[in-house]
Amino acid sequence: MKIICIGRNYVEHAKELNNPVPTKPMFFVKPDTALLRTHMFYIPPFSNNIHYELELVVKIKKVGKSISKRFAHKYYDEISLGLDLTARDLQEECKEKGMPWEIAKGFDSSAPIGRWYQKKDLKSLDFYLLKNGEKVQEGNPSQMVFDVDSIIEYVSKFMTLKKGDLIFTGTPSGVGKMEVNDVFEAYLDGKKTIDLRVK
Ligand code: MG
């Protein structure tokens, strides 16, 4: 399976990192080794600035290529939350040098994932992230620059989507640094979906 991540899909987040709001979806891919299903994340030795980015995640349920937007909803029925963990220091270096982002985005355990739910009307799904009990991020899919169906249409022009692939749909504003002993709890539609301790 692969993990497709959409960048800059919320206006306020694009602004907080001084990035332009894209005119078409932008995405990158994390390998399957990025997936983290446990409740413990260990800060890797190669970065001094690991950021959390809380994102709505959809799971692809059947193979598809060049999927049109009006059929895209048939390709997923489970949703969750994930953290698109980012070595911001390495990413800044990559951006400056025009290099790809894999070392900053695709490292082991860089994609903690929560529990899965059957999808509902996405626009009714508020989600938020608590860091040590304090709310640091909140969002709703209605704030996305490109909605999930548009993302599926766009990505599947370039890459065949397969059963089990995950799409991280971009983060709202409020991203920040993870420190040792931080506890992150994420809620989707009022339900605790992620519970992660940093070591
Ligand atoms: Mg992200």
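Predicted model: local features only at pLDDT ≥ 70, side-chain atom pairs only at ≥ 80, totals over all residues.
Which residues are exposed on the other side of helix H2? H2 spans residues 88-97, and its buried residues are Arg88, Leu90, Gln91 and Cys94. These four cover an arc of only 155 degrees around the axis, so they sit on the same side of H2. On the other side of the helix, Glu96 and Lys97 are exposed, which settles the opening question. The cover over the buried residues of H2 includes strand S5 (50-52), strand S8 and helix H3 (102-105). After H2 comes Gly98, whose phi is positive, near 70 degrees.

Strand S8 deserves a visit of its own. This strand consists of residues 86-87, and Thr86 is part of it. Thr86 has a relative accessible area of 0%, and because buried means under 20%, Thr86 counts as buried.

Elsewhere, the model shows an open sheet of five strands, arranged in the order S4-S16-S15-S11-S12 with mixed pairing. Strand S4 (40-41) and strand S12 (134-139) are the edge strands, since each pairs on one side only. Strands of a sheet pair through backbone hydrogen bonds, and the pairing can be parallel or antiparallel. Strand S11 (residues 127-131) pairs with S12 in the antiparallel sense, over five bridges. Within this pair, Phe127 has Gly139 of S12 as its bridge partner.

Technical notes:
Residues numbered from 1 in each chain as written. Heavy atoms only, no water. Helix = DSSP H or I, 4+ residues; strand = E, 2+ residues; numbered from the N terminus. Buried < 20%, exposed > 50% of the residue type's maximum accessible area, 1.4 Å probe, protein only. Pairing = 2+ DSSP bridges. Arc of directions from axis to C-beta. Contact = heavy atoms within 4.5 Å.
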